[in-house]
Amino acid sequence: LFQAASKLFADKRQLPETTLDALDLSAFSNFYQKKTGSSLATADIPTGRLLEALGFMKKGALTLAGLLLAGKNVPRHAPLFNITAASFPGTAVTTDVFLDKAEFSGRLPEQFTGAMGFLDRNLRHIQANPETGFNQPGVWEISREAVQEVLVNALVHRDYLVNASIKLFLFDDRLEVHSPGTLPNSLTVESVRLGVSVARNSVLLSHAQHMLPYSGLGSGLPRTLSRCPVWELVNSTDAGRLIGRAPR
């Protein structure tokens, strides 16, 4: 109820077992450089106060957002906030047979890079334009831009009050991206496709554009879906997840 009323943001909650030592200062320094255009060494306020002001720390402990964006050991403090990917033969999930399987943990940029690499090696690469010759590089059978947008949205907008991983399922006929948590109150699939958004993770939303290929303007998903209309979004209240699905 608090989350629905925008009075509770999971990414702002502090992780009591953490201290400043749990922060990767190099990762934070790179983020600060991208966000402000200046070096962390030239900041005119102490690093601790800066981290609190940016939402990376609260009362001496890392917040979940701080851990996911610049933490040293994400799996230790948030073991289920990762991406699990599997490629299956056929068109259904099988428990004992898979073609490829991997888990991507760590900071959000690391999870994103790992998942995109998994898809790069498992999706077919096709000739974009036969008229340009044999030696041209292949392109993904599903729009790379659309996959990237859906995956980044899952990392930034998923429900971090749900202890579950993001799932990438690749079948012979389709790709599915399962994001934990249904759409926030008042949002529908139709409104999301039109660019309407509700901030579920306010700190991640504020900083993601400096860490991931994400604009934060609300236009990325509708623009991508308009270019790739075969993407289907399913708000599954029964399963408690938002599912993105695209045919291969």
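The model is predicted, so local features need pLDDT of at least 70, side-chain atom pairs count only at pLDDT 80 or more, and totals for chains, interfaces and linings use all residues. Residues are numbered from 1 along each chain as its sequence is written, and side-chain values use heavy atoms, without hydrogens or water. Helices (H or I, at least four residues) and strands (E, at least two) are DSSP runs, numbered from the N terminus.

**Strand β8**

**Partners of β8**
- β7 (residues 166–170) pairs with β8 in the antiparallel sense over 4 bridges; pairing takes at least two DSSP bridges between two strands.
- A hairpin of 3 residues links β7 to β8, and L170 has L175 as its bridge partner.
- β10 (residues 241–247) runs antiparallel to β8, with 7 bridges between them.
- P180 has R241 in β10 as its bridge partner.

**Helices α5 and α6**
- α5 covers residues 108–122 and α6 covers residues 144–157.
- Their axes come within 11 Å and cross at roughly 145° (lines fitted to C-alpha atoms over the stretch in contact, with angles from 0 to 180 degrees between N-to-C directions).
- Residues in contact (heavy atoms within 4.5 Å) include F112 and L119 in α5, and V147 and L151 in α6.
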